[in-house]
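User: I would like to learn how to read a structure like this one. Please take me through a few features in turn.

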Amino acid sequence: MSAERNVKAETKEHTVTGQIPWSETCFGCNGGPNEGVGLRLAVTDDGYVACRYFTKECHQGFPGFVHGGIIASYFDEVLWGQTVILAPEASAMTVEMNIRYLSAVKTGQEIRVIAKPAKVEGRHIYVEGFLLLPDDTVAVTAKAHYITVKKSNTLTEHENERMKHGEEPAYRTIRF
Ligand SMILES: CCCCCCCCCCCC(=O)SCCNC(=O)CCNC(=O)[C@H](O)C(C)(C)COP(=O)(O)OP(=O)(O)OC[C@H]1O[C@@H](n2cnc3c(N)ncnc32)[C@H](O)[C@@H]1OP(=O)(O)O
């Protein structure tokens, strides 16, 4: 994905085939009204992890705009979703992330955050992604590097159990 400003993505509709389970205790995915970000990670039939998300007022930095640290959380979460697909027997932790903020992201609008099919090299998983505004402008791009770890080092038994089963997707298609 280009890092130029004001680039519009060429989009098409993608079919959602599943949803990665979410955790009540994770800041990125717990769905309380204000406590967490509340992302839901859809998996598409062509190997993307994607999320439609309505940006919250309580996540603003400058008035009316989403805080950059919250945007980093969007990516940490959505890009991490690729590690679930690629290393289902393990879990993975972020060791590096690079984010390019190209356009400000307003609160109170539906954005999409997308993780591309990723690359695995042993314990290393490299994932790239992008954030689309409602008019398909690429507002943010990101690259992250994850290292696989034993599941028991990161997830509770209850979460491990939930990870074994898919979840009913919140939506059936997503455009990006
Ligand atoms: C229903 C439930 C849903 C649950 C939903 C939950 C979703 C949560 C998603 C959020 C994800 C996060 O934010 S995770 C939180 C932020 N990240 C962290 O706190 C990670 C901190 N780092 C660590 O704890 C450690 O570095 C580990 C565990 C990742 C790796 O340690 P280790 O297992 O002892 O392995 P080690 O030999 O040191 O490193 C392994 C390889 O990684 C490389 N490596 C290690 N650190 C780095 C680094 N910063 N940058 C580059 N490379 C690195 C090493 O060079 C080595 O390469 P080589 O020699 O093998 O080539």
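User: Where does Asn6 lie in the chain?

Analyst: Asn6 lies in the segment before strand S1 (13-20). Helices (H or I, at least four residues) and strands (E, at least two) are DSSP runs, numbered from the N terminus. Residues are numbered from 1 along each chain as its sequence is written. This is a predicted model, in which local features need pLDDT of at least 70, side-chain atom pairs count only at pLDDT 80 or more, and totals for chains, interfaces and linings use all residues.

User: What phi does Asn6 have, and is Asn6 buried or exposed?

Analyst: A residue is buried if 20 or more other C-beta atoms lie within 10 Å of its own, exposed if 12 or fewer, and partly exposed in between, with C-beta atoms placed from the backbone. Asn6 is not a glycine, yet its phi is positive, about 55°. Asn6 is exposed because 9 other C-beta atoms lie within 10 Å.

User: Where does Asp136 lie, and why does Asp136 count as partly exposed?

Analyst: Asp136 lies in the loop between strand S7 (124-132) and S8. Asp136 counts as partly exposed because it has 15 C-beta neighbours inside 10 Å. In the hairpin of S7 and S8, with 5 residues between the strands, Asp136 takes a positive phi near 75°.

User: How many bridges join S7 and S8?

Analyst: Two strands pair if DSSP finds at least two bridges between them. S7 and S8 are paired antiparallel over 9 bridges, and Leu131 stands opposite Val140 in S8. S7 also runs antiparallel to strand S5 (residues 110-115), with 4 bridges; there, Val113 stands opposite Leu131 in S7.

User: What joins S6 to S7?

Analyst: Strand S6 (residues 119-121) is joined to S7 by 3 bridges, and the two run antiparallel. Glu121 stands opposite His124 in S7. Their hairpin has 2 residues between the strands, and Gly122 there takes a positive phi near 65°.

User: How many residues surround the ligand, and which are closest?

Analyst: A residue is near a molecule or strand if its C-beta atom, placed from the backbone, lies within 6 Å of it. The ligand is surrounded by 21 residues, the closest being Ser23, Trp80, Met93, Val95 and Glu159. Two or more shell residues come from each of helix H1 (68-86), strand S4 (91-101), strand S8 (138-149) and helix H2 (157-163). S4 gives the largest share, 4 residues.
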